[in-house]
Amino acid sequence: MSTETNTQTSTSKIVLVTGASSGIGEATAIRLAAEGHHVVLGARRTDRLQALVEKIHSDGGAASAHRLDVTDRDDVRAVVDRVVEEHGRIDVIVNNAGVMPLSRLDALLVDEWDQMIDVNVRGLLHGIAAVLPHFGRQGGGHVVTVASIAAHEVVPTSAVYSASKFAAWAITEGLRLESDPGIRATTITPGVVESELAEHISDPATQDFVRVYRRNVIPADAIARAISFALDQPADVGVNEIIVRPAAQR
């Protein structure tokens with residue numbers, strides 16, 4: 001897929017966004033490209049990635065795309081290494097890929113539990129493992145994790161999802177504590193946001209519950225703005241966590 005670099009400046013960053021084909025990932029790519037960063041889009045739906053790259057280019061931004069399956073450790077490492085090969089560095093990874101097939105535990109949808117653990121937890125770890133060697137060589141970098149308000153609360157049907165998002169928060173906080181100050185770690189914690197996540201719920205009883213729970217939503221760009229804020233801080237400022245949710249959400 002094609003690459004544009006004409007809008008880059010001395011302060012622009014090379015940013016890899018996972019789960020970039022829709023929702024928060026798509027909104028983040030559009031916003032960061034508009035702000036002058038080169039965004040590398042990663043997801044499995046390459047047709048959507050290509051359409052997004054073309055939109056960013058038409059708007060004057062810089063973007064490229066790679067097919068990426070975050071559950072495949074070798075795939076994630078290969079994409080990150082290729083980004084570094086093409087651009088000489090990688091400054092930011094936005095670990096946004098996630099799934100949310102909510103259900104009660106007694107529904108025994110074990111395959112869906114495994115999927116949440118594979119994408120939401122292992123996928124995050126694969127991203128961190130892929131970028132850390134480069135960040136160490138460069139002397140800096142930024143890991144942004146898109147978690148969820150479910151990391152801070154459990155509701156019926158969210159046990160496994162909440163566990164996976166608490167794990168994402170804990171891993172990112174552990175990375176912050178273990179890393180040199182030049183490697184920054186930020187958890188972005190969305191509340192109810194416009195996205196495709198709820199469309200993947202297969203349990204009928206949970207679908208009814210979620211329709212009520214999601215009656216107040218905010219646009220995905222609200223989360224993109226929070227990510228932009230974290231990236232825009234000077235090197236000596238660490239934004240550790242931002243919670244963004246609808247004002248009406250309780």
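Residues are numbered from 1 along each chain as its sequence is written, and side-chain values use heavy atoms, with hydrogens and water left out. Because the model is predicted, local features need pLDDT of at least 70 and side-chain atom pairs count only at pLDDT 80 or more, while totals for chains, interfaces and linings use all residues.

The protein has seven helices and seven strands; these are DSSP runs numbered from the N terminus, helices being H or I with at least four residues and strands E with at least two. Along the sequence, the elements follow the order β-α-β-α-β-α-β-α-β-α-β-α-α-β. The protein contains 250 residues, of which 51% are buried, meaning under 20% relative accessible area, against over 50% for exposed and in between for partly exposed (1.4 Å probe, protein chains only). Of the contacts (heavy atoms within 4.5 Å) with a separation of 6 or more, 73% are between residues 24 or more positions apart.

Helices H3 (residues 73–87) and H4 (residues 110–138) have axes that come within 8 Å and cross at roughly 30°. Each axis is a line fitted to C-alpha atoms over the stretch in contact, and angles run from 0 to 180 degrees between N-to-C directions. H3 and H4 are therefore roughly parallel, the word for angles under 35 degrees; over 145 is roughly antiparallel, 65 to 115 roughly perpendicular and the rest oblique. On the H3 side the contact is made by Arg73, Val76, Arg77, Val80, Asp81 and Val84, and on the H4 side by His126, Gly127, Ala130, Val131, His134 and Arg137.

There is one aromatic pair, a pair being rings of Phe, Tyr or Trp (its six-membered ring) with centres within 6.5 Å. Phenylalanine 166 and tryptophan 169 form this pair, 5.6 Å centre to centre with 35° between the planes, which is tilted; planes under 30 degrees apart would be stacked, and over 60 edge-to-face. Both residues lie in helix H5 (residues 159–178), three residues apart, about one turn of the helix. Phenylalanine 166 is partly exposed at 44% relative accessible area, and tryptophan 169 is partly exposed at 26%.

Serine 12 lies in the segment before strand E1 (14–18). Leaving aside residues up to four places away in sequence, serine 12 touches Gly36, His37, Arg89 and Asp91.
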